Amino acid sequence: MFNSAVRTPGGMSRRHFLEHLTTAATLTAPAAAWFTQALRAGASEMRRHHKAAILLFMEGGPSTIDIWDLKPGQTTGGPFKPISTSGDLQISEHLPMMARQMHHMAVVRSMSTREADHQRGRYYMHTGYVPNPNIEYPSYGAVISHELAGKSGSLDIPPFVSVGGASVGPGFLGMNYAPLVVDSNGDIRNLKMSVDVGRLTQRMNALRSLEKSFADQH
């Protein structure tokens, strides 16, 4: 059950998005095409407001001593050679194109944690809090979506998209700030609903009738 009066950031109601899915759920390819077109259509709006953020969380990637902090000449250093960059630091010889862009980047070397378990550490990375059985904290994307609510113009796409499903959920902020999860192959996750399209359409029509009846009475 959802409240159609509750609107997500950017002016899209939960019902509005479900209506898109009702139409798109007949085939995955048309649904993916709609999502791609919506992203392209919203790109200029996001650029105009400068209110977008991308987090690349490359779980299982190379060690920091192989890319950003080579520690040359030390026993704790990596096997590769450092190269100069357009910024004020050196990085791995295998990242020459990144080296040209390092004046736009910052490498944070001060982060530390006492979390030895990978899953707990992953949660810490995505929320800024260690896991707590008494409260579920929101992820980075959910917090940004919440803070930009009503400030990023009108976008016909969800405010928080997670590609590959690596992100943590919305926590105590609620499902309005949950991510739309897109698999790495481009398919929208959970698009194939257990309810067939005809039944879903009936439910949406019934909801519209109920809302109209309520509005007429008030």
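Is Asp69 buried, partly exposed or exposed? Select Asp69 to find out: it is partly exposed, with a relative accessible area of 22%. Here buried means under 20% relative accessible area, exposed over 50%, and partly exposed in between, using a 1.4 Å probe and protein chains only.

Before you go on, a word about what is on your screen. This is a predicted model, in which local features need pLDDT of at least 70, side-chain atom pairs count only at pLDDT 80 or more, and totals for chains, interfaces and linings use all residues. Residues are numbered from 1 along each chain as its sequence is written, and side-chain values use heavy atoms, leaving out hydrogens and water.

**The whole chain**

Switch to a cartoon view and you can trace seven helices and four strands, in the order α-α-α-β-β-α-α-α-β-β-α. Helices (H or I, at least four residues) and strands (E, at least two) are DSSP runs, numbered from the N terminus. Of the 218 residues, 28% count as buried.

**Stop one: around Asp69**

Return to Asp69 and show its side chain together with those of Lys71 and Arg109. Lys71 forms a salt bridge with Asp69, with the closest N and O atoms 2.6 Å apart. A salt bridge is a side-chain nitrogen of Lys or Arg within 4 Å of a carboxyl oxygen of Asp or Glu. Arg109 also meets Asp69 in a salt bridge, at 3.2 Å from N to O. This pair links distant parts of the chain, 40 residues apart: Arg109 lies in the loop between helix H4 (96-99) and helix H5 (118-127), and Asp69 in the loop between H3 and strand S1 (82-84). Arg109 is partly exposed, at 48% relative accessibility. Shared partners join Asp69, Lys71 and Arg109 into one network of salt bridges.

**Stop two: Glu115 and Arg120**

Next, select Glu115 and Arg120, whose side chains meet in a salt bridge at 2.6 Å, N to O. Arg120 is partly exposed, at 34% relative accessibility.

**Stop three: helix H6**

Now pick residues 140-147, which make up helix H6, and color Gly141, Ala142 and Ser145: these three are buried. They sit on the same side of H6, because they cover an arc of only 100 degrees around the axis. The arc is taken from the directions from the helix axis to the C-beta atoms.

**Last stop: Ile54**

Finish by selecting Ile54, in the loop between helix H2 (28-49) and helix H3 (64-67). Ile54 is exposed, with a relative accessible area of 76%.
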